[in-house]
Amino acid sequence: MATVSVGIVSYNRPELLKRAIESAVSQSYRDLEIIISDNGSTDPRVRHIIEQFAANDPRIKCLFHPVNQGAFFNFREALNAATGRYFIWLADDDYWCSEYLAHIAAKAGQSGAALTYGRCEIIDAEQGSDDRVVKEMATASSRLAAMANFVRLDTDAVFYGLFPTALGQRLAGLLRFWRIPPKLAAAWPFLEYNFVSYAFIFGLLSSGGYCNASSEHAVHFVGGRAPFPHSPTLGWRHLWLFLMYVSVHLQMAGRFAHAAYSAASWPGVLFSPVAVGYLFCRRLGMILSQRLNTMKKV
């Protein structure tokens with residue numbers, strides 16, 4: 001049985017997938033199980049690339065799903081297939097430096113933290129050099145401090161960190177879309193998946209703290225995304241968007257509590273409504289500030 005299971009999640013990006021797999025198989029840390037889970041890719045090159053790597057590396061296990069069932073389905077499938085002591089995801093448009101797993105696995109063993117993550121640098125996107133390194137979360141051995149730091153940081157970059165497989169599998173059911181009316185989900189597709197990973201991260205941190213393993217030897221290169229465009233004028237449709245935003249955060253409060261309970265953390269259960277209330281107020285303040293700035297420029 002391998003010490004670390006790597007879950008590479010794939011969908012229709014053959015060339016980027018090849019880069020991701022190469023970064024996993026060439027890690028200096030060799031005690032790996034590599035699970036490649038393809039979410040119903042329609043490009044035949046994807047399967048060809050996966051099977052080529054699998055033929056040359058016995059550590060690779062392939063999961064081919066006949067149809068795409070959403071990103072979080074794929075994340076769950078890769079995690080639930082893992083047998084290693086620790087688990088970590090790698091998206092098909094990301095890659096690691098060659099010492100990444102050796103460095104963070106050592107830090108995880110030394111700290112005993114439930115979640116360990118390195119440095120995150122954004123690639124494949126038009127961005128200034130100062131903005132390429134994602135803000136980092138501070139190490140916290142205390143569960144409460146780790147949860148508070150995560151809420152204050154308000155980013156899911158640490159979702160791609162290393163954590164105990166058994167704990168992650170207990171929390172895997174939380175990786176599901178929010179319940180949003182289909183018409184509204186079609187109008188704002190980001191509503192269904194935005195912040196879904198937060199409850200999973202909260203559950204991990206409530207169990208055993210966080211270790212920041214950032215260094216030049218532990219860099220996770222992350223594929224960048226274009227920012228979501230803001231409508232310059234307000235309308236009645238934005239009232240529905242606000243109500244759905246409230247609904248998402250109410251669901252988030254329930255999932256945070258469930259995550260902490262699944263991790264056997266009563267401090268996490270008690271802290272969960274405070275955490276979600278803070279996140280909601282913080283984001284609402286940011287949205288209002290952005291809206292005011294947009295109106296001033298018009």
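Author: Two strands pair if DSSP finds at least two bridges between them, and the strands (E, at least two residues) and helices (H or I, at least four) are DSSP runs numbered from the N terminus. This is a predicted model, in which local features need pLDDT of at least 70, side-chain atom pairs count only at pLDDT 80 or more, and totals for chains, interfaces and linings use all residues. Residues are numbered from 1 along each chain as its sequence is written, and side-chain values use heavy atoms, with hydrogens and water left out.

Reader: In which sense do strands β1 and β4 pair?

Author: Strand β1 (residues 4–10) runs parallel to strand β4 (residues 86–91), with 6 bridges between them, and V4 stands opposite Y86 in β4. Both belong to an open sheet of 5 strands with mixed pairing, ordered β3-β2-β1-β4-β8, whose edge strands, β3 (60–65) and β8 (163–164), each pair on one side only.

Reader: How are two packed helices described?

Author: One gives the angle between their axes and the distance between the axes. Axes are lines fitted to C-alpha atoms, for helices over the stretch in contact, and angles run from 0 to 180 degrees between N-to-C directions. Here the axes of α9 (residues 196–208) and α10 (residues 237–262) come within 8 Å and cross at roughly 30 degrees, which makes α9 roughly parallel to α10 (angles under 35 degrees count as such).

Reader: Which residues of α9 and α10 make the contact?

Author: With contact meaning heavy atoms within 4.5 Å, α9 contributes V196, Y198, A199, F202, G203 and S206, while α10 contributes R255, F256, A259 and A260.

Conventions:
Parallel < 35°, antiparallel > 145°, perpendicular 65-115°, else oblique.
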